[in-house]
Amino acid sequence: MKRRRLFSDTENCSNEPEIDETKLPAERLLKTRDLPSKVKPCEEVLLLPVDILLLTVEDCEFLSCVSHLNPGYIRSSHDNLGTVYFGLMGTGPSLKIAVMKCYPGPLTPGGALITVTNGVKELRPKAVFCVGFCAGLDQKVSLGDVAILAKLRTYSSVKVTESGIQERGIAVPLERNLLSLIKNADDGWKAPLKGSWEVKVWKHGVYLSGPEKIESRERRKELVQRFPDAIAIEMEGQGLFLAAHDLKIEWIVIKGVSNFADGRESKSWNEFASVMAASLTAHILSNPIVFQNWPHYEGD
């Protein structure tokens with residue numbers, strides 16, 4: 001019988017399922033010590049413009065994405081971007097991938113808005129994927145599930161009156177190409193797992209995105225009441241959307257559920273959820289024919 005762990009479970013949220021690392025392109029989940037120490041100037045990289053920019057925040061998110069690059073990836077440095085990893089993803093005609101990290105939050109210095117803006121202008125991708133872990137809100141979502149954003153809602157902009165809160169945030173769907181693509185995003189995907197654990201992919205999800213890292217059952221309850229259709233919450237989507245909208249480029253958030261925004265977050269679940277999200281992202285990007293007619297960012 002397939003196992004899942006829901007918000008309503010009373011058992012300890014430790015003992016996450018085991019990752020089958022042999023199913024990763026690197027045949028193991030990379031650690032920071034495994035990454036190359038030599039840096040190549042960005043202008044010498046022969047993979048520009050890239051096809052896809054992968055945006056991450058935490059080390060486990062970044063390492064999960066790099067672990068899904070084909071062997072031979074390059075560490076590079078750029079004056080405006082800092083460290084960027086370049087590589088290929090998939091077999092046969094492969095997509096050219098760049099992996100970057102930003103600081104947590106949508107609008108902070110070095111956060112998603114600034115990093116995506118600079119990254120898109122310099123690397124000229126066809127789309128930006130934000131990959132990592134998030135918190136689940138829907139009662140049906142299980143730890144380890146992967147939630148693909150279909151609609152983004154911001155929640156921090158409100159009007160507070162004597163009669164209550166009036167929402168002033170935005171609610172936006174994906175752009176046409178990615179909205180069409182995610183309908184069959186997990187066709188043929190096999191999660192890199194050992195044992196009987198089940199990972200479900202949520203393809204019609206509403207994400208909340210804002211500046212808060214929530215570890216409170218009361219705050220979680222409040223947001224669920226305000227946004228009953230939301231399945232997950234994270235911090236970078238708002239900045240990603242603002243940058244991508246201004247630059248007129250495709251964008252998406254794909255994150256694994258590692259906690260329930262209730263203070264029970266753990267490092268091991270963050271890593272597990274990040275690997276599941278990176279694995280699904282690599283599966284989506286394993287079919288380069290899908291992206292061959294998408295335009296690269298060309299600027300004004």
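The model is a predicted one. The UniProt record, an unreviewed entry, places the feature "domain: Nucleoside phosphorylase" at residues 106-277.

**Strand β6 and its partners**

- Strand β6, which spans residues 127-136, is mostly covered, with 10 of its 10 residues buried.
- Strand β2 (residues 52-56) runs parallel to β6 and is joined to it by four bridges, and within this pairing Leu 54 stands opposite Phe 129 of β6.
- Strand β13 also runs parallel to β6, with nine bridges joining the two; here Ala 127 has Glu 250 of β13 as its bridge partner.
- Strand β12, by contrast, runs antiparallel to β6 and is joined to it by two bridges, where Gly 136 has Ala 232 as its bridge partner and Ala 135 stands opposite Ile 233.

**Strand β12**

- Strand β12 (residues 230-234) is largely enclosed by the rest of the structure, because five of its five residues are buried.
- Strand β11 (residues 201-209) pairs with β12 in the parallel sense over four bridges, and Ile 233 of β12 is the bridge partner of Leu 208.

**Ile 249 in its loop**

- Ile 249 is found in the loop between helix α5 (237-247) and strand β13 (250-259).
- Because its relative accessibility is 6%, against a cut-off of under 20% for burial, Ile 249 counts as buried.
- Leaving aside residues up to four places away in sequence, Ile 249 touches Val 120, Pro 125, Lys 126, Ala 127, Glu 175, Ala 244 and Tyr 297.
- Ile 249 and Ala 26 are separated by 223 residues in sequence and by 30 Å in space, taken from C-alpha to C-alpha.

**Packing of helices α1 and α6**

- Helix α1 (residues 59-66) packs with helix α6 (residues 267-284) at an angle of about 35°, their axes being 8 Å apart, and α1 passes α6 in a right-handed crossing.
- On the α1 side the contact is made by Cys 60, Glu 61, Ser 64 and Cys 65, and on the α6 side by Asn 270, Glu 271, Ser 274, Val 275 and Ala 278.
- The residues of this contact between α1 and α6 divide into four nonpolar, three polar and two charged.

How values were computed:
Residues are numbered from 1 along each chain as its sequence is written. This is a predicted model: local features need pLDDT of at least 70, side-chain atom pairs count only at pLDDT 80 or more; totals for chains, interfaces and linings use all residues. Side-chain values use heavy atoms; hydrogens and water are left out. UniProt positions are given in the numbering used here, feature names are shortened, and annotations may be inferred rather than shown by experiment. Axes are lines fitted to C-alpha atoms, for helices over the stretch in contact, and angles run from 0 to 180 degrees between N-to-C directions. A crossing is left-handed if the near helix is turned anticlockwise from the far one by less than a right angle, and right-handed if clockwise. Contact means heavy atoms within 4.5 Å. Ala, Val, Leu, Ile, Met, Phe, Trp, Tyr, Cys and Pro count as nonpolar, Asp, Glu, Lys and Arg as charged, and the others, Gly among them, as polar. Buried means under 20% relative accessible area, exposed over 50%, partly exposed in between (1.4 Å probe, protein chains only). Two strands pair if DSSP finds at least two bridges between them.
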